[in-house]
Amino acid sequence: MARTAAVFFDVDFTLILPGPRFQGVGYESTCARHGVAVDPARFARAVAGAAGVLDSADRLYDAEIYVAYTRRIIELMGGAGSGVDSAAREIYDDWAEHHHFSLYDDVADALRALRARDVRLGLISNSHRCLASFQSHFELDGLISAAVSSSDHGFMKPHPEIFRAALDLMRVPAAEAAMVGDSLAHDVAGARGVGMRGILLARGGVPENMDQDVEVIRSLDELVHLV
């Protein structure tokens, strides 16, 4: 295996965790402002049920994909009526606001440890979040060498072009780069499709029926020793 000179990270659910704004109680309060009643106890099942909306393979970034995803969550929580769309759009807009998220406890130390070993770091995100202010907000300045978001680039992971754009920006060959993320389809398969090393971060547990050749870590602490 070639030396890993650069590691790219997904952002959402890899580096940062959404707070109450994007949990059942947050959806309930937002929907109430728009005249929509939902059951927060149904949130987890609703998220799982809406997942198919985010099948973004080979697609250009489109905010309507995420609005539709959020709308479907609201519907599966029992929401109905004319206010569903406006509630979904408000939640989508707030997803770009950093203060609604927290950095996982293992992130800062792991990134600093990798940089201390001369491993360059990058971000590849299917998001409309500003990745420059993201770094400042979470005090990661000076650690990230390249960042590409699908809203700026155009294509969404797992399309190969967004990975190639990140590699070009970092000036590193695919064989010397790894991608770390929480999605098998978007992060691992997308990276491997262009010749990068794909590493699954399974904070909540390893998925069932997963290919045995996929590299899996449970925390970023493990990554430091893996690369």
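Contact here means heavy atoms within 4.5 Å. The model is predicted: local features need pLDDT of at least 70, side-chain atom pairs count only at pLDDT 80 or more, and totals for chains, interfaces and linings use all residues. Residues are numbered from 1 along each chain as its sequence is written, and side-chain values use heavy atoms, with hydrogens and water left out.

**View 1. Contact of α1 with α4.** Tyr27, Thr30, Cys31 and Arg33 in α1 meet Ala87, Glu90 and Ile91 in α4. By class, this contact has four nonpolar, one polar and two charged residues (Ala, Val, Leu, Ile, Met, Phe, Trp, Tyr, Cys and Pro count as nonpolar, Asp, Glu, Lys and Arg as charged, and the others, Gly among them, as polar). Helices (H or I, at least four residues) and strands (E, at least two) are DSSP runs, numbered from the N terminus. The axes of α1 (residues 24-33) and α4 lie 9 Å apart, and the packing angle is about 130°. α1 is therefore oblique to α4 (under 35 degrees counts as roughly parallel, over 145 as roughly antiparallel, 65 to 115 as roughly perpendicular and the rest as oblique). Axes are lines fitted to C-alpha atoms, for helices over the stretch in contact, and angles run from 0 to 180 degrees between N-to-C directions.

**View 2. Contact of α2 with α3.** The α2 and α3 axes cross at roughly 135° and come within 8 Å, which makes α2 oblique to α3. This crossing is right-handed. Phe43, Ala46, Val47, Gly49 and Ala50 of α2 meet Tyr69, Arg72, Ile73 and Leu76 of α3. Seven of the contact residues are nonpolar, one is polar and one is charged.

**View 3. The largest pocket.** A pocket is an open set of points on a 1 Å grid over the protein atoms alone, where a 1.4 Å probe fits, with protein on both sides within 12 Å along at least five of seven lines; lining residues have an atom within 4 Å of a point. The volume is about 850 Å³ (the space filled by probe spheres set on the points, which are joined across faces, edges and corners). Of the 31 lining residues, Phe13, Leu54, Tyr66, Tyr69 and Trp95 lie nearest the centre. The largest share of the lining, four residues, comes from α3.

**View 4. The second largest pocket.** This pocket has a volume of about 220 Å³. Its lining includes Phe13, Asp182, Arg203 and Pro207.

Note on methods: Left-handed = near helix turned anticlockwise from the far one by under 90°.
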